Amino acid sequence: MSDETLLRVREVTTTFDTPQGRLTAVDGVSFDLAAHESVGVVGESGSGKTVLSRTIMGLQPRRGVSVTGSVLLNGTEVVGATEEAKRELWGRQVAMVFQDPMTSLNPVVKVGRQIDEVLRVRLGMDRSAARARAIELLEMVGIPAAVTRYGAYPHSLSGGMRQRVVIAIALAGSPQLLLADEPTTGLDVTIQAQILNLLDEVQGRLGMSMILVTHDLGVVATRTTRLVVMYAGRVVETGTTRDVFARHRMPYTRALLESSPKVSNPSHTRLAAIPGRPPNLLDLPTGCAFAPRCAYATDRCTSERPVLEPADEPGHLFACFNPLPLRVGSPS
Amino acid sequence: MARYLARRLVTLVGIVIIISVGAFYLIHLLPGDPATVILGTGDSPQNRARLYAQLGLNRPIIEQYFVWMKNVLHGNLGISFISQVPVWTTIRAALPIDLEMIVLSQILSFAVAIPLAMSSAKRPDSWLDRFLGAFSFTMLSIPAFILVVVLVLVVAIKLAVPHTGVSSYVPLSQDWVTNLESMALPSIVLAIGSVTVYYRVLRSDLIATLQQEYITLARSKGISQRRILWRHALRPSSVALLGTAGVNIGGLLAGGFIVQYLLDIPGLGYTLVNSIGLSDYLVVQGIVLVVSIGVIVINFVFDFLITLVDPRIARE
Amino acid sequence: MSSSLELSELVEEATEAPDGRRLGVLFWVCVGWLALNLLAAILANVLPLPNPLTQDYNAINAGPSLHHLFGTDDLGRDIFSRVVFGSRVSIEAGLGSMVIGFGVGAPLGMLAAYRRGRFDQVLTVVMYVVLAFPAIIATIAILSFWTPRTLLKIIVVVGVAAIPLVYRVIRTATLAVATQDFVVAAKVQGASDTRILVRELLPNVAPIAVSFLLIGVATVVTLEGSLAFLGLSVAPPTPSWGNMINESRTILQLNPWLALFPSAAMCLFLLSLNFIGDRLRTHFDVTEGKL
């Protein structure tokens, strides 16, 4: 693995202006991503992980959003860049696999055209070369009868097939960084693993870096080298995947782990739901945002906000005043 | 798709038959003796005899319909008892003018409405969007005939634009420059009405479309905003627009009547109003039939266009 | 669900609240203007107006003055008085035909959407067939030979033509409400059909009906004006906005006032109706596609 840093995220904060006030969806997030590396961003709904992935790409809506901090992608600053400058990056340097393939493909454009648009507009290929390459991409993402499917409309494809098309679109410009934002949310459970394996495979084969955003720790366990755990827009724990699974210190991470189904569990094992609801981002508590739901919370947790502190292992950080004791033996 | 169109076609034929019945029985809906109404000022013993022979007015009413229908299918709408000219000849002379007017006004409407709707949808609530919204709303409330009066006052009289009048109307095939000059004003008047409607319909659909995830995906490809609007957003936003346009043509014909009447352009509307003035029943009946069927056919064409624009429609 | 979806919901909720509650100043200005128009039309006989048919030979095609507020026409008749009296034709035509259209179309539409089944199927097919017939052309055709032309005939013809339109709107609106839980709950509790229709459905359909009614009135007023313009409405010398504008055509250059005032009166009247209708519709959150 190369040490060359492809992506440097520093103190990124994304706020939305709503009529009810300012909403901070991502709050001071920092992490690095090396070339060819894949990182998992995990958290519950509303933890800011989707907003973070869009912020990294600079793909937020044009109005009502403000971003501070720095996102350095291959030496180019994304935060504050003009739409024109970001367009140069999109497709070629960074691409995204969207959440729901039922809504992310244009319903009135043939899938082949949606793929070769990148090839023709961004790579300047001519019509026939683009067509040939698009069919190649369709084959690469595992779509049978690619030549016929090239001329199909999205509505004639199943959800899994559509997500493969979305992946083909993302791969068309040979990006160095692939952002996969909950890429299996809208799919059948049986299809989910296929899509994740496909992403894993192409990431390795094409030597891309990947950020895999998910709420399901099971998804990232074997497919990423490092994890960023988010809660209420902040990073609450980060480290190598192995460390986060085996030696997590933040109670929230454990709650996430316990709420994720594991194949190794005997059947009918009861999943532990995280008690309470994710906090209202418009009205965050003063202290630790997880404190109201945390079994270990003390008075300090509700009055003072914990910052990320290093754990014993290199690169392992957590934000908690009452860290969990290290367990003997790993849960996964 | 083929099944969908076939089903639509069956409905179309059914409606056309119903319209033909309606147009035929129109005369019997009215109080009084049909012959007196049909003959109007041309009421004389000879004409009365000819009418009875032509329409078989002595026979049962169902039979009358089939006699009439058979004639209509042969292009025989009767001979006017006022002008003594076959009704179809009169209609055939006027019809191309209406078609030209509609085509010109629709091209103009789409050419103006689409870019305007896009510039509004790009930035909803911008000053441009607010202005266009208020302006189009106001224009929507101004009846066509008032618009015509105002435009005639301003353009035709103050600016002394030539070629607005029956004497100067020249068929397209004869001299297209003069023809277009005379058709410009009526087409613009008709277009103003359509533009406001199309703008409003397309704007609201575009705004909805631009919030779709597939637009974000298109953006993430790094293609230009122009390309996103034209290639990705316009087509899925056009379903309501085309539906509206199809229906609008019906209103357009009626609006066209007034424009023609005022600007002395010898289209169907002008002919219709004149025939009403002369109580020339057969011509009115013929025009009602032709225009009604025309509206239905245009609706069908636009329904077909919708299935081309959005392949999902035909599946539902 | 995803955080982005939740976020957008949150943002939407937040943006809707302040916008939806207020109708705005302009709305009330329009209501006031309509009320003024109605009042003037009702009280026209009592108001200190010159007779709209009296000819003042000393003032022919006169411009606005203190004596003749809006000036006079080519026969020396007072334009202001004629505009006020002329509004009666428009208002009567608009309200009259909507009484017919809603009187028949609305109950049928509600009943069809509530009952569903065969009754709904048959009625809907019939209405859609009638709707396919270009109403404007049919109206012109019928009126042109149903002589002598009176306002009542126009009201009847236009009102009947409006029935399928009203039916469609009300049926769609009722359908949306009829499937909601509170209606189902009322049914389960054994409420009578009449009670459900009147107590549960009507209050929810009424706002849509009112906004469609206003826009319908505006459409009919425009249609009556167009008919008058083609000489197919009430015969002169009865003043109506359409008649006045039609009469002004030949002397447009000589006396622009004659065209201006009835046109302005009509446009402001229509604008108010449309604006109120549109505002009510957005206020009660009905999308444009539904109408």
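Leaving aside its neighbours within four places in sequence, which residues is A:Ser70 in contact with?

Author: This is a predicted model, and everything that follows should be read with that in mind. Once the neighbours within four places in sequence are set aside, A:Ser70 is in contact with A:Arg10, A:Glu11, A:Glu77 and A:Val79. The residue itself belongs to strand E4 of chain A, which covers residues 65–73. As for A:Glu201, which is 131 residues away from A:Ser70 along the chain, the C-alpha atoms of the two are separated by 30 Å.

Another strand of chain A, E10, can be read alongside this. E10(A) runs over residues 234–240 and is mostly covered, with six of its seven residues buried. Strand E9 of chain A, made of residues 226–231, pairs with E10(A) in the antiparallel sense over six bridges, and within this pairing A:Val229 has A:Glu237 as its bridge partner. The hairpin formed by E9(A) and E10(A) has two residues between the strands, and A:Ala232 takes a positive phi near 50 degrees there. E10(A) also pairs in the antiparallel sense with strand E12 of chain A, residues 317–318, over two bridges, where A:Thr238 stands opposite A:Leu317 of E12(A).

Note on methods
Residues numbered from 1 in each chain as written. Chains lettered and ligands numbered in written order. Predicted model: local features only at pLDDT ≥ 70, side-chain atom pairs only at ≥ 80, totals over all residues. Buried ≥ 20, exposed ≤ 12 C-beta atoms within 10 Å, placed from the backbone. Helix = DSSP H or I, 4+ residues; strand = E, 2+ residues; numbered from the N terminus. Pairing = 2+ DSSP bridges. Contact = placed C-beta atoms within 7 Å.
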